[in-house]
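Dear colleague,

Please find below the structure that I am handing over to you. My notes on what was found in it follow directly after.

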Amino acid sequence: MINEETNRNLSAIMVIFGGTGDLTHRKLMPALYNLVYDGLLPENFAVVAIGRKNKTDRQYRDEVLDSINKYSRNKLDVCCWERLRDIIYYLQFDFTDQEGYEKLKNFLKELDEKYNTGGNRVFYLAVAPEYFELIVQGLSEHKLAHQDGAWTRLVIEKPFGRDLNTARRLNNKLNEVFDESSIYRIDHYLGKEMIQNIMVLRFCNTVFESLWSNKYIDNVQISLCEKNGVGTRGGYYENSGAMRDMVQNHILQILSMVAMEPPVNLKTESIRTEKLKVIQAIENFTDEKLRNNVVFGQYGRGIIDGQPVVAYREEENIPPKSTTETFVALKLHINNFRWAGTPFYIRTGKRMAKTSSEIVIQFKDLPDILYFKEGHVQVPNLLVIRIQPNVGVFFQFNTKDFSTYNDIVSTKMDTSYYNPTAGNTPEAYERLIYDILRGDATLFSRWDEVEASWIFADKIIEYRTNKKFDFPNYYAGSMGPAKAFELLAVSGRKWWEV
Ligand code: BG6
């Protein structure tokens with residue numbers, strides 16, 4: 001439960017552009033409901049969902065109820081639902097229609113009085129990226145972007161640009177209206193429990209932090225694998241591909257949390273500054289490195305969960321000769337004192353054999369002198385941070401086999417539990433919405449992090465665009481193209497599936 005003072009600071013109206021969209025129904029509304037359920041939504045609060053279709057508040061509220069029934073992690077509690085239902089409003093207007101913004105302005109004033117929300121606003125852009133600039137301009141022209149004595153926050157979903165230039169342009173446009181401290185760029189992976197846990201694991205455990213460097217770590221593997229194909233999102237995905245969809249944002253954010261130096265304190269900017277330094281320290285990919293250390297893939301037909309599935313090129317809205325990658329594996333180095341020489345392997349793909357997001361830290365082998373000479377194969381220490389669907393930590397170490405003379409067995413300690421809903425979790429959005437209301441931007445990407453990520457990603461995307469690949473090159477239901485295995489095998493390593 002939040003106290004009176006917190007309630008005052010959090011009071012706001014949340015305006016959702018894209019109120020009838022998939023994200024709002026699957027994630028945002030269930031997240032708001034769960035915040036009510038957990039007593040975390042402030043008393044003085046209201047939601048205005050904006051959409052183009054014509055519907056009444058009542059119709060819209062009924063649709064939201066359906067979504068909550070389908071997607072909420074807590075089941076329906078009538079009191080909680082009624083509390084949320086009564087503060088949700090639907091407003092119809094087209095984002096290009098200037099009168100709509102005036103209508104919105106008047107309506108927000110009315111709600112401010114009714115709910116005593118003090119002029120505080122969250123503008124959540126849950127719309128296709130081509131509307132970002134247009135909406136921000138509309139907010140600015142109709143004097144909705146700033147209220148005297150109140151705060152306004154702009155929340156923006158990915159993709160933030162489609163390369164460095166478009167991202168810079170978008171950022172400049174946003175900055176004409178909102179300053180950096182009021183822009184919340186969502187990367188929903190940062191809202192996931194185990195991603196937040198990386199800092200606690202590292203900075204609250206002597207055993208891990210003292211070994212967290214190139215002296216003791218052989219390599220780090222970050223894998224975000226999905227069984228899902230592109231589904232109905234072909235139109236978006238075809239222009240994006242795995243690099244833009246997963247690597248430029250989620251993977252680089254995770255990488256920066258795994259590799260960053262301890263921040264001087266837990267303040268937002270201290271943490272973001274350390275994360276930025278990691279992305280900036282990623283090695284430059286020369287032509288030779290692009291050839292040897294980057295693997296692209298695109299799925300062909302295959303079997304998922306016993307059912308045949310079509311190839312990427314046969315999916316809805318995908319051209320039959322598409323060259324878009326649905327899989328990427330990369331080997332990269334972080335050129336700083338802590339990590340020089342330790343490879344980081346990253347891998348992400350659609351239509352893979354399993355849905356699983358994990359970080360594997362493989363520690364170095366010990367010298368083959370005592371137990372590990374002749375006959376005993378050394379199994380390395382592994383620390384696995386399981387993000388989803390299993391959530392928790394796995395640690396592998398060696399002990400003596402109880403029943404034999406000197407045999408060594410690899411012992412596995414697993415604190416993780418299976419959470420079937422830990423995909424694109426509502427929990428992530430709950431945490432993120434709550435942080436937006438609190439004004440805590442730690443779990444959101446700062447502009448210079450986004451900029452540095454595009455500088456890295458652009459080079460690799462350019463290589464993919466200019467080179468001809470023999471696609472499809474992996475079966476749906478496999479763990480990616482053969483080359484992704486060779487990437488590690490050349491140095492005697494392998495992807496760990498634990
Ligand atoms: C999104 C991508 O950002 O993340 C999707 O656009 C992807 O393509 C999704 O499926 C994965 O998120 P999660 O939380 O389900 O692992």
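Helices (H or I, at least four residues) and strands (E, at least two) are DSSP runs, numbered from the N terminus. The model is a predicted one, in which local features need pLDDT of at least 70 and side-chain atom pairs count only at pLDDT 80 or more, while totals for chains, interfaces and linings use all residues. Residues are numbered from 1 along each chain as its sequence is written, and side-chain values use heavy atoms, with hydrogens and water left out.

Two strands are said to pair if DSSP finds at least two bridges between them. On that basis, six strands make up an open sheet with parallel pairing, in the order 3-2-1-4-5-6. Strand 3 (88-92) and strand 6 (183-185) are its edge strands, and each pairs on one side only. From one strand to the next, the twist averages 20 degrees; axes here are lines fitted to C-alpha atoms, for helices over the stretch in contact, and angles run from 0 to 180 degrees between N-to-C directions.

Strand 1 and strand 2 (residues 45-51) are parallel and share six bridges, with A12 opposite F45 in strand 2. Strand 1 (residues 12-17) is also joined to strand 4 by five bridges, again in parallel, and here I13 stands opposite R121 in strand 4. Strand 4 in turn pairs with strand 5 (residues 152-156) in the parallel sense over five bridges, where F123 faces L154 in strand 5.

How well covered is strand 4 (residues 121-125)? Five of its five residues are buried, where buried means under 20% relative accessible area, exposed means over 50%, and partly exposed lies in between (1.4 Å probe, protein chains only). The cover extends to both faces of strand 4: R121, F123 and L125 are buried on one side, and V122 and Y124 on the other.

A second open sheet to note has three strands in the order 10-9-18, with mixed pairing. Strand 10 (307-309) and strand 18 (474-476) each have a single partner strand and stand at the edges, so one side of each is left without a neighbour in the sheet. The twist in this sheet averages 25 degrees from one strand to the next. Strand 9 (residues 299-304) and strand 18 run parallel and are joined by three bridges; one of the residues involved is Y299, whose bridge partner in strand 18 is Y474.

Q307 belongs to strand 10. Is Q307 buried or exposed? Its relative accessible area is 52%, and Q307 therefore counts as exposed. Although Q307 and T273 are 34 residues apart in sequence, their C-alpha atoms are 46 Å apart in space.

**The ligand site**

Which residues are closest to the ligand? They are Y189, K192, E226, D245 and Q388, out of 13 residues that surround the ligand; a residue is near a molecule or strand if one of its heavy atoms lies within 4 Å of it. By class, this shell has two nonpolar, five polar and six charged residues. For these classes, Ala, Val, Leu, Ile, Met, Phe, Trp, Tyr, Cys and Pro count as nonpolar, Asp, Glu, Lys and Arg as charged, and the others, Gly among them, as polar. Helix 11 (residues 241-259) supplies the largest share of the shell, three residues.

- D245, at 2.6 Å
- Q388, at 2.6 Å
- K158, at 2.8 Å

Taken alone, the ligand exposes 400 Å², of which the protein buries 87%. Accessible areas come from the Shrake-Rupley method with a 1.4 Å probe, and for residues only the protein chains shown count as cover.

**Two buried serines**

S72 is located in the loop between helix 3 (57-71) and helix 4 (78-85). With a relative accessible area of 13%, S72 is buried. Its side chain reaches the backbone oxygen of N74 at 2.6 Å.

S356 is part of strand 13 (residues 356-363) and counts as buried at 8% relative accessibility.

With kind regards

Methods: Polar contact = N/O pair within 3.5 Å; in protein donor to acceptor, adjacent residues only side chain to side chain.
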